[in-house]
Number of protein chains: 2
Amino acid sequence: MKTLSNETLDQVAVFLKSMAEPTRLRILRALHDEEKTVSQIMEETGAGQSNLSKHLAILTGAHVVRFRKNGTFTHYRIADPNITVILDTVCRSIADRIRQARTTLKEIERERR
Amino acid sequence: MKTLSNETLDQVAVFLKSMAEPTRLRILRALHDEEKTVSQIMEETGAGQSNLSKHLAILTGAHVVRFRKNGTFTHYRIADPNITVILDTVCRSIADRIRQARTTLKEIERERR
DNA sequence: TGCATATATGAAGATATAGTCATATACTCA
DNA sequence: TGAGTATATGACTATATCTTCATATATGCA
């Protein structure tokens with residue numbers, strides 16, 4: 001990262017921003033291992049149809065997901081395995097943090113007794 | 001990621017959002033391998049003092065950086081190696097993408113001649 | 001060809017956020 | 001103790017963004 005230009009960091013910001021929203025993260029969770037249609041993603045995320053469409057446009061623009069059309073259906077999928085690796089790395093890190101925070105809290109509570 | 005709750009994804013969003021801004025990425029680039037004072041970070045990033053202070057507060061709140069005080073100086077550093085791993089992974093991915101896009105463009109231009 | 005379904009887009013409103021300016025706070029030192 | 005320096009914070013403005021509602025577009029099928 002130290003060698004990256006400001007322009008490249010701007011692209012990194014766009015990329016990260018595309019995933020830095022709870023609704024879009026739910027979309028990516030739904031798409032984690034397989035492609036799905038807009039309707040399926042709606043069901044799994046609970047997002048409204050037009051809201052979902054806008055978020056999918058953002059993720060597509062950032063090359064996080066891509067799509068193919070089949071009749072009236074549009075099938076979305078994670079754009080490439082790199083994205084999945086990044087998502088898994090970040091999510092594991094945060095999940096570990098939360099778990100560790102809970103453990104610490106329990107230990108503090110135990111010490112009080 | 002598939003097993004994560006909505007609450008955890010909300011935390012992931014906060015974490016990603018904290019880094020999804022060009023100014024904060026410049027801060028993280030400055031801090032990549034070593035701790036630095038606010039003044040040093042100002043010099044390296046070009047950010048205004050109060051703007052920098054606010055961004056450092058966001059990064060601290062998201063546990064991306066942490067600090068120690070030494071007299072009037074506040075020394076900031078990346079909070080833990082996990083953060084560096086994530087940053088490097090994401091930056092490498094985007095840099096590769098940009099490099100690949102440039103290569104493709106050159107090949108297209110060669111074919112036109 | 002018209003209806004039904006799936007999806008994309010424009011407009012509007014509410015909320016979030018980045019940067020600047022001014023000021024407050026903390027610390028050091030002569 | 002006051003001046004100087006480093007840093008944090010409040011207030012304000014402009015811009016970005018999320019969600020909803022209404023509507024447009026694309027496709028398939030009877």
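**Around the DNA and between the chains**

Modeller: To start, 22 residues surround DNA strand D, and the closest are A:Ser50, A:His55, B:Ser39, B:Ser50 and B:Ser53. A residue is near a strand if one of its heavy atoms lies within 4 Å of it. Keep in mind that this is a predicted model, where local features need pLDDT of at least 70, side-chain atom pairs count only at pLDDT 80 or more, and totals for chains, interfaces and linings use all residues. Residues are numbered from 1 along each chain as its sequence is written, chains are lettered from A and ligands numbered from 1 in the order in which they are written, and side-chain values use heavy atoms, with hydrogens and water left out.

Colleague: Which element gives the largest share of the surface near DNA strand D?
Modeller: Helices and strands here are DSSP runs numbered from the N terminus (helices are H or I with at least four residues, strands are E with at least two). The largest share, five residues, comes from H4(A).

Colleague: Now the protein chains: how much area is buried between chain B and chain A?
Modeller: The contact (heavy atoms within 4.5 Å) takes 40 residues from chain B and 40 residues from chain A. Buried area is the accessible area (1.4 Å probe) that two parts lose on being put together, summed over both. Carbon and sulfur atoms give 69% of it, and the total is about 3,800 Å².

Colleague: And how many salt bridges cross the interface of chain B and chain A?
Modeller: The rule asks for a side-chain nitrogen of Lys or Arg within 4 Å of a carboxyl oxygen of Asp or Glu. A:Asp33 and B:Lys2 form one, with their closest N and O atoms 3.4 Å apart. Across the interface, the count is four.
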